[in-house]
Amino acid sequence: MTKSLNLQKICQPKAWPNTTHTMKIGDKVRFLNEVGGGIVAGFADNQTALVRDEDGFEIPVLIRECVVVDTDNYNIARQQSQPPIPNLAPVGPRPADNRFRTQQPDTYTHSFDDDEDDKPITFRPRPLERRGADVLNIYLGFVPMDTRNLQSTAFEAYLINDSNYYIHYALLTHEGATCSLRHEGTVEPNTKAFLEEFTRDVLPEWEKITFQTFAYKADKPFRPKEALSVTLRPDCTKFYKLHTFADTDFFEQPAYLLALVRDDQPARTVFASAEEIKEALLPKARASKSPARKATADKRKTSDIVEVDLHVNEILETTAGMSARDILDYQLKVFRETMEAHRNERGCRIVFIHGKGEGVLRNALIAELRRNYKHCTFQDASFREYGFGATMVKVGK
């Protein structure tokens, strides 16, 4: 059994009791038979001294194998600042260390590792970049919660950043001559941010929006982009049409994408001024008095795109009692009537929106074109404008 020592005796600046040596705590000693030495920190017994080396370790060494090379009568004061001698019972209760406590029990023991654990994690990995994505493409994405019940479902709105830049943005909604900040924040590269969930009763608030943004890259050089501002009037009637929501690269479920920025250019919506509306309402007879105006109108007529939506809910009030074959026949009837109405308008472009589906209606349209309208050419319509479910016909000869 280890003999307990009296702390008061150890701290006395005199030799160990019952010994003839003059070694004291605080003396600097070197070893006789080994390389090294240190400072006497205490005595394990009357034959053994505890020598603290330069690394702070206390080494038990026989007193007779140590030689005092330096002593100081003031070593008691220095000893008071030294760490306590190991294996000695503390005098009185030790005050609790509450600096690192949260909801730990009273038996909590402070560890130096806790200092590292309590430090906040500040490292953030650099976002991955995609090849060819150094141009800004930003969209608003609207996802119906229940596509089977569009008349009463709620919608989720997202901001999609399809680029290698961070975008800091502000989304404003208009009411008369004033606007309100609806959302603002920063979206990381190649990610989407949830904005809100809304129901149909707030659709009027989305009838006119302004999107403002500036782009940058963090922690690396980049080509600067101009700050952008775009004001749009989304067609809120599209939220009532099933074919509006299609498959996209950004959502697992069908969604409606509204482009805000495409290839660094803000999206554009045509706004009719009051003068243009007034002119459009003038009688046709007055408009025909000007030959120049008539020629301009005819040129605009042949250069514009005629859009025909062949979705069932667009051309039929109800499909009650109709088979799939009846519906297809009616869609082809609308197609033929449109083609006959523009048969002689050379250069006229007609876009038939038929949807992606299983391709039955699209194949039927192509068969009709090849059989009855050989003077016309056709191709898939613009993906950016119509998605995958539209065919454009150009009237020739």
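Reader: When does a residue count as buried or exposed?

Author: Buried means under 20% relative accessible area, exposed over 50%, and partly exposed in between (1.4 Å probe, protein chains only). Phe 142 is buried, at 1%. Phe 198 is buried too, at 3%. This is a predicted model: local features need pLDDT of at least 70, side-chain atom pairs count only at pLDDT 80 or more, and totals for chains, interfaces and linings use all residues. Residues are numbered from 1 along each chain as its sequence is written, and side-chain values use heavy atoms, leaving out hydrogens and water.

Reader: How many aromatic pairs are there?

Author: Rings of Phe, Tyr and Trp (its six-membered ring) pair if their centres lie within 6.5 Å; planes under 30 degrees apart are stacked, over 60 edge-to-face, the rest tilted. The whole structure holds 20 such pairs. Take Phe 142 and Phe 198: the centres are 6.1 Å apart and the planes at 85°, so the pair is edge-to-face.

Reader: Which strands hold Phe 142 and Phe 198?

Author: Strands (E, at least two residues) are DSSP runs, numbered from the N terminus. Phe 142 lies in β6 (residues 138-144) and Phe 198 in β10 (residues 191-198), so the pair ties together parts 56 residues apart in sequence.

Reader: Which residues do ring pairs link into a cluster?

Author: Phe 142, Phe 155, Phe 198, Trp 206, Phe 239, Phe 245 and Tyr 256.

Reader: Which ring does the charged end of Lys 192 sit over?

Author: A charge sits over a ring if NZ of Lys or CZ of Arg is within 6 Å of the ring centre and within 35 degrees of the ring normal. For Lys 192 the ring is Phe 251, with 5.2 Å to its centre.

Conventions: Helices (H or I, at least four residues) and strands (E, at least two) are DSSP runs, numbered from the N terminus.
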